[in-house]
Amino acid sequence: MKYPIAVRETLEKLVIVEKDSLEEAIDYVRRAYKAGLIVLDAECIQPAKDTGENAEFFEADYMCPLELPACEAEVFDVRQEGE
């Protein structure tokens, strides 16, 4: 059977700015991010709060089950070393 499994990583970067208000600070950082001046990468991955893992794995319930038969299944070599 085919199952739609989603993988989610959360990226977070702390940016310290000096502005007159929290709203101004958020707007300033938002504009800098949208302009490409703040870039999040693999070093910014934050572990999930509930599991501590770098990624969450769950059923992608947002996908229509009728679409699954037409989707090609991914195949990965997940053997452990020595198997």
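Predicted model: local features only at pLDDT ≥ 70, side-chain atom pairs only at ≥ 80, totals over all residues.
**Order of elements.** I followed the protein chain from the N terminus and read the elements as β-β-α-β-β. Helix 1 covers residues 22-34, and strand 4 covers residues 56-59.

**Confidence.** I looked up the pLDDT and found a mean of 90 for the protein chain, with 96% of its residues at 70 or more. I then compared the elements: helix 1 has the highest confidence, at a mean of 97, and strand 4 the lowest, at 90.

**Dimensions.** I recorded a radius of gyration of 19 Å for the protein chain, whereas a compact globule of 83 residues would have one near 12 Å. Along the principal axes, I found that the C-alpha atoms fill a box of roughly 55 × 40 × 25 Å.

**Burial and surface.** What share of the 83 residues is buried? I found 12%.

**Contacts.** I considered contacts between residues at least 6 apart in sequence; of these, 71% join residues at least 24 apart.

**Charge.** I looked up the charged side chains and found 9 positive and 20 negative ones in the protein chain. I also recorded that the centres of the two sets lie 7 Å apart.

Notes: Residues numbered from 1 in each chain as written. Heavy atoms only, no water. Helix = DSSP H or I, 4+ residues; strand = E, 2+ residues; numbered from the N terminus. Rg over C-alpha atoms; globule rule 2.2 N^0.38 Å. Buried < 20%, exposed > 50% of the residue type's maximum accessible area, 1.4 Å probe, protein only. Contact = heavy atoms within 4.5 Å. Lys, Arg positive; Asp, Glu negative; His and termini not counted. Charge placed at Lys NZ, Arg CZ, Asp CG, Glu CD. pLDDT = per-residue confidence, 0-100.
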